[in-house]
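Subject: Structure for you to look over

Hello,

I am passing on the structure below. My notes on it follow, for you to read with the model open.

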Amino acid sequence: MVLSLILFPKEALEAAKGGINLWLFTITPSLLPFFIGSELLLQLGVVHFFALFLEPIMRPLFNVPGSGSFAMAIGYTSGYPVGAQVISRLWEENLCTTEEAEKLMSFCNNSGPLFMLGAVAIGMFGSPKAGYIIMASNYLAAITTGLLFRLYKKNSYKKSPSTKNLLNAAIKKMYYTREQNKKSLSTILSEAVSKSTNTIIMIGGYVILFSVVIEFLKLYKILDFLSYFISPIFILLGFDKSLIPAFLSGLLEITVGSNLISQVSASLEQKVVLVSAIIAWGGISIHGQVLGVIAKTKIKYLPYFIAKTIQFFLAALYSYWLLSVIRIQEENAISHVFNPYTYKNSWDIFQFSSIIFIIVTLTILLFAIAIKQYLQQH
């Protein structure tokens, strides 16, 4: 790596600049509201309310505690690696066991709609319909994986609490948690901002690092070398061989890979299937970010790796099936180069991300109340 920096200083600098721009103008404004908001809800005891209230739903379905509903909602609407960060905090707050955290990791750390629909579908492919297919295949793959992982360490199953007076118990639990936390609101807010900023900086480091690594892999023709070995698989599946270098880049970093795939002159259906798969996988860059997030916990990485591998294949299959039902015409796509640094103003992204977080939180609350009413009637 050091030798490459000496040999190719100009290329390394340009790649690092690209990584910094991607992190500063796109990733930070889209993820920071979720980091700060989820930390505040944890400190204020709101997640403890969800943990008790939605236990009768999450436990039978996924064999995880009710607090997993919060991780699931945030993970499905924010983007990598917010889900992993929330699960890590749930573990630190003793809202889930290590085994339960590993189950949550299997299906709650996903790409968000802001990236899949906005950046990829509209920005790169110029086709909102392609975005809906990518989103649906990724969410279906994640839920399917979660249902499969409910069998993971099955002996950790716990019986759901009684639904009688569940609302009163949940409110008391939230109030008790807030009373136990002696910190003032200003202190809680300061800590939330501080912890969130540290996590964002760590993510930025990984994005910049892998941007440079991908550039070196191109310069050394390593991607071309690997393409030679997997080309028989692509030919067997009927995929265009010209997609292989872009696909390999996507296995390392999904934003770069998705952008490169969108620029290849190949069938739009093939490109959508590959993009769905690499987004579900997350890329080595995201896996590195997840390792950084769970480093201080006892949560194991191997179950997460297995889960994302399963999601890789499931997302490809689901998108292939959806494309057989929903036809995307080639002329619907707009061929142009997507620039992630100017696609949207970072302040607009920050505002939109904040609105999504507020809507998600209110939706969980309304869903919890509806479930409580249903359980009382039945």
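**Helix α7 and its surroundings**

In α7, the buried residues are T98, E100, A101, E102, K103, L104, M105, S106, F107 and C108. That is ten of the eleven residues of the helix, so α7 counts as mostly covered. The partners against which these buried residues pack are α4 (55–62), α5, α6, α9 (128–149), α16 (283–293) and α17 (302–325). Please keep in mind throughout that this is a predicted model.

**The chain as a whole**

The chain has 18 helices and zero strands. Of its 378 residues, 54% are buried. Among contacts with a separation of 6 or more, 79% are between residues 24 or more positions apart. The accessible surface is about 17,300 Å², and carbon and sulfur atoms hold 68% of that.

The unreviewed UniProt entry gives the feature "transmembrane region" at residues 31–54, 107–126, 132–152, 199–216, 272–294, 301–321 and 349–371. I looked at two of these stretches in the model. Residues 272–294 are 91% helix and 0% strand, with 31 Å between the end C-alpha atoms. For residues 301–321 the figures are 95% helix and 0% strand, and the end C-alpha atoms lie 30 Å apart.

**F357**

F357 belongs to helix α18, which covers residues 346–377. Its relative accessible area is 10%, which is under the 20% limit, so F357 is buried. What does F357 contact, beyond its neighbours within four places in sequence? The residues are P33, F34, G37, S38, L41 and I74. T77 is 280 residues away from F357 along the chain, yet the C-alpha atoms of the two are separated by 7.8 Å.

**The α12 and α13 pair**

Two packed helices are described by the angle between their axes and the distance between the axes. For α12 (residues 222–237) and α13 (residues 244–252), the angle is about 105 degrees and the axes are 9 Å apart. The two helices are therefore roughly perpendicular. On the α12 side the contact is made by L223, D224, L226, S227, I230, S231 and F234. They meet I244, P245, F247, L248 and S249 of α13. By class, the residues of this contact are eight nonpolar, three polar and one charged.

**Backbone points to check**

Most residues other than glycine have a negative phi, and most peptide bonds are trans.

- The peptide bond from Y80 to P81 is cis, with omega near -15 degrees. P81 sits in the loop between α5 (68–77) and α6 (82–92).
- N94 is not a glycine, but its phi is positive, at about 60 degrees. This residue is in the loop between α6 and α7 (98–108). Its relative accessibility is 69%, so N94 counts as exposed.
- K221, also not a glycine, has a positive phi of about 60 degrees. The loop that holds K221 runs between α11 (185–219) and α12. With a relative accessible area of 52%, over the 50% limit, K221 is exposed.

Regards

How values were computed
Residues are numbered from 1 along each chain as its sequence is written. This is a predicted model: local features need pLDDT of at least 70, side-chain atom pairs count only at pLDDT 80 or more; totals for chains, interfaces and linings use all residues. Side-chain values use heavy atoms; hydrogens and water are left out. Helices (H or I, at least four residues) and strands (E, at least two) are DSSP runs, numbered from the N terminus. Buried means under 20% relative accessible area, exposed over 50%, partly exposed in between (1.4 Å probe, protein chains only). Contact means heavy atoms within 4.5 Å. Accessible areas come from the Shrake-Rupley method with a 1.4 Å probe; for residues, only the protein chains shown count as cover. Axes are lines fitted to C-alpha atoms, for helices over the stretch in contact, and angles run from 0 to 180 degrees between N-to-C directions. Angles under 35 degrees count as roughly parallel, over 145 as roughly antiparallel, 65 to 115 as roughly perpendicular and the rest as oblique. Ala, Val, Leu, Ile, Met, Phe, Trp, Tyr, Cys and Pro count as nonpolar, Asp, Glu, Lys and Arg as charged, and the others, Gly among them, as polar. UniProt positions are given in the numbering used here, feature names are shortened, and annotations may be inferred rather than shown by experiment.
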